[in-house]
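Subject: Handing over the model

Hi,

Here is the structure I promised to pass on to you. Please have a look at it first, and then read my notes below.

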Amino acid sequence: MNEREYRFAKTEEQVRKINKFLCISTAILNIISFIIIFVSYMRGYRTELYTFGLLAIMIVTSIGGFIIYKKNKDSVLLRYFMLTGLLIIMALLIYGFNSYYMRVLSVVPLMGCALFFDTRFAKISGIIVTVENFAITLFREMVLHDYKDEQFMDNITIAVVIMVMMFVLWYITKVGKMFNADSIDKAKHEADLQQEMMDDVLHIAEQVRTGTANAMGLMNDLQKSSEIVSSSVGDISTSTSLTAENIENQSMMTHNIQDNLEKTVARAENMVRVANRSNALNTESMKQMEQLSQESKMLAETNEVVADSMKQLQQNVNNVKEITKTIFDISSQTNLLALNASIESARAGEAGRGFAVVADEIRALSERTRQETENITQILGTLEENANETAKAVERSMEVGNVQEEMIAGVASQFGEMNANVNELAADVEEIEKMLENLSQANTEIVTHITQLSATTQEVTASAQQSSELTEENFRNSKEARDILDNILEVSHKMDKYLL
């Protein structure tokens, strides 16, 4: 088990836990008490001074307790501070309420103080709480005459009950302290017995370890001698065996290299042919890309001409719109003049009838002119919208043409670079082909020398293996004896953790 599982075996941790319970329970008690008091205040049973004065005392008690707890979580002062606050609150509750459950509620936070195992605190708190309950009850009965009917007897009875509760609390604290002390003393006694037994076991283990260490020294000397002989013979045997194996592997590898070289030469020739074909294809692609670039430039020039024409068309449409606007204004003015002429001819009577006919004709022509002008204006508006859309389309086409020209230029550049790389690759492949031919000739000579060396190495390996077998058995016997002593020494070392 780790140390955290025994955290509350320490007195400081116990006091911190109980102090936390005391702060929280007191705060809860204050909240419940204030709710009851506030309800009484809202019903008109308690004054504002009593209600909010008691609230202030509750707040000071709760906040003060938490401040002391934060500064020193295992503080002894905290229990006496909280006791003082509870006594003041209890006095005001006994004085202001006839209900005896308020008294019992005030004693609840003191219940947890029994875990302090502080008989002095339990005695002091029990005496003060008992005296306070009886004193205030008698004062209200004999001086203030607040109790009615059986209320005095009920409150005296609950005071006696609280006195008994405080006595029981003190007695529980005393018995708990006694139990705790006995348990600690018993644990210490058992620990002392275990320590005595452990000392005897450790003494025996130390003697076993000393004897084993001496035997291990002798075995180590024997094993070192065997290891020197075995190592020498083993090194010779291993070296010759490894040399023979390496030579055989090297021979196989050189044959494989020879085969691979022949295949590589064939692949290199094929790569040269592929590089030459790729070079021809790249040259043809470069010509096509140049032609495509020229056509893209011609398309861009055509788009510019179309764009200029569309701009001129838009300008002409705007000019015609200005002209139609002027015609529309003239038509409106003519219509107005014809109306005035009609009015004047009506004033002239019979003499102006012919003039009125002419004025009506002029007004009719003016209306037709106005209608036709409006139709022309609508047609021009539609034409202007189409021209704007066409201009935008031409602009987009020019933008796409510019992007396409840039892409064609980039691709042409890449093809040029690819062509140069292919040419360089072809030259490198031809050079590699020559180097592979020279390497193939050198490898053939290496195969011949390795074959001769392999025969000599096999003879040396056979002699070394015979010497190695003679020393191996002696080495195994010494190693088995040393392993047995190692196990004994390892068992004795397990007792080291109990040595002080």
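First, the ground rules. This is a predicted model, in which local features need pLDDT of at least 70 and side-chain atom pairs count only at pLDDT 80 or more, while totals for chains, interfaces and linings use all residues. Residues are numbered from 1 along each chain as its sequence is written, and side-chain values use heavy atoms, with hydrogens and water left out.

On confidence: the protein has a mean pLDDT (the predictor's confidence in each residue, from 0 to 100) of 75, and 73% of its residues reach 70 or more. Among its elements, helix 2 (residues 48-71) has the highest mean, 91, and helix 7 (residues 353-493) the lowest, 71. Helices here are DSSP runs (H or I, at least four residues), numbered from the N terminus.

The count of salt bridges (a side-chain nitrogen of Lys or Arg within 4 Å of a carboxyl oxygen of Asp or Glu) comes to two. In one, Arg79 pairs with Asp118, with 2.8 Å between the closest N and O atoms. Arg79 sits in helix 3 (residues 77-96) and Asp118 in the loop between helix 4 (101-111) and helix 5 (119-144), so this pair ties together parts that are 39 residues apart in sequence.

Glu13 counts as buried at 16% relative accessibility, whereas Arg16, at 31%, is partly exposed.

Now the surface. Patches take residues with over 30% relative accessible area and no salt bridge, joining like charges within 9 Å and nonpolar side chains (Val, Leu, Ile, Met, Phe, Trp, Tyr) within 5 Å. Val160, Met163, Val164, Phe167, Val168, Tyr171 and Ile172 make a nonpolar patch of about 620 Å², with areas from the Shrake-Rupley method and a 1.4 Å probe. Val168 belongs to helix 6 (residues 151-348) and is partly exposed at 38%.

Best wishes

Key: Helices (H or I, at least four residues) and strands (E, at least two) are DSSP runs, numbered from the N terminus. Buried means under 20% relative accessible area, exposed over 50%, partly exposed in between (1.4 Å probe, protein chains only).
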